[in-house]
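Dear colleague,

I am passing on the structure we spoke of, with some notes on a helix pair and on the ligand site. Please read them with the model open beside you.

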Amino acid sequence: MAYDNTNIFARILRGELPCQRVFEDEHTLVFLDIMPQADGHTLVLPKEPAEFITDLSDGALQATILTTRNLARAVQQATGAPGLLISQFNGVAAGQTVPHVHFHIIPRFPDLRLRSHGREKADAAELATMAEKIIVALAHQR
Ligand code: AMP
């Protein structure tokens with residue numbers, strides 16, 4: 001299907017809408033989910049315009065999965081979560097709500113249920129504090 005360049009992540013990538021950014025390089029952008037299913041819920045996007053993972057070039061996919069691995073480490077360190085759920089939806093039928101490829105990194109604790117997908121907006125100040133923790137954890141990886 002043709003890529004819809006008015007989707008919300010395309011607009012964030014163009015700088016038309018704000019995000020709680022934690023990382024950016026030539027090929028990828030990472031920011032916090034505005035309606036986190038758990039504290040520290042992070043989204044990793046390729047900059048290349050694509051709706052499905054199957055639409056991505058090899059280079060964009062490689063960059064995105066490497067960024068996802070690096071951010072997963074930082075999110076785990078920042079949240080102290082013993083587990084991480086990493087997911088990626090392709091198409092409305094699979095539960096995708098924003099038609100630009102992205103990986104979810106969601107911290108998991110054994111007795112903590114996930115909040116509903118894309119339902120409840122987080123407090124902006126709490127998101128900013130979490131973003132700072134992840135940025136610090138990322139800096140310590142280098
Ligand atoms: P998906 O359903 O896999 O397409 O996931 C889209 C995710 O984007 C959901 O978890 C939403 O909470 C999240 N989301 C929607 N709008 C924004 C936004 N403006 N900034 C950050 N995250 C968003």
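The notes below take the helix pair, then one of its residues, then the ligand.

This is a predicted model, in which local features need pLDDT of at least 70 and side-chain atom pairs count only at pLDDT 80 or more, while totals for chains, interfaces and linings use all residues. Residues are numbered from 1 along each chain as its sequence is written, and side-chain values use heavy atoms, with hydrogens and water left out.

The crossing of the two helices is right-handed. Contact, meaning heavy atoms within 4.5 Å, is made by N70, L71, R73, A74, V75, Q77, A78 and T79 of α2 and by M130, K133, I134, A137, L138 and Q141 of α3. By class, eight of these residues are nonpolar, four polar and two charged.

T79 lies in α2, and, leaving aside neighbours within four places in sequence, T79 is in contact with D39, G40, P107, F109 and M130. A polar atom of the T79 side chain lies 3.3 Å from the backbone nitrogen of A81.

Around the ligand there are 18 residues (each with a heavy atom within 4 Å), the closest being D33, T97, H102, H104 and H117. A side-chain N or O atom of H102 is 2.9 Å from an oxygen atom of the ligand. From the backbone, an N or O atom of V98 lies 2.9 Å from a ligand oxygen, and one of I34 lies 3.2 Å from a ligand nitrogen.

Notes. A crossing is left-handed if the near helix is turned anticlockwise from the far one by less than a right angle, and right-handed if clockwise. Helices (H or I, at least four residues) and strands (E, at least two) are DSSP runs, numbered from the N terminus. Ala, Val, Leu, Ile, Met, Phe, Trp, Tyr, Cys and Pro count as nonpolar, Asp, Glu, Lys and Arg as charged, and the others, Gly among them, as polar. A polar contact is a pair of N or O atoms within 3.5 Å; within protein, one must be able to donate a hydrogen and the other to accept it, and residues adjacent in sequence count only if both atoms are side-chain atoms.
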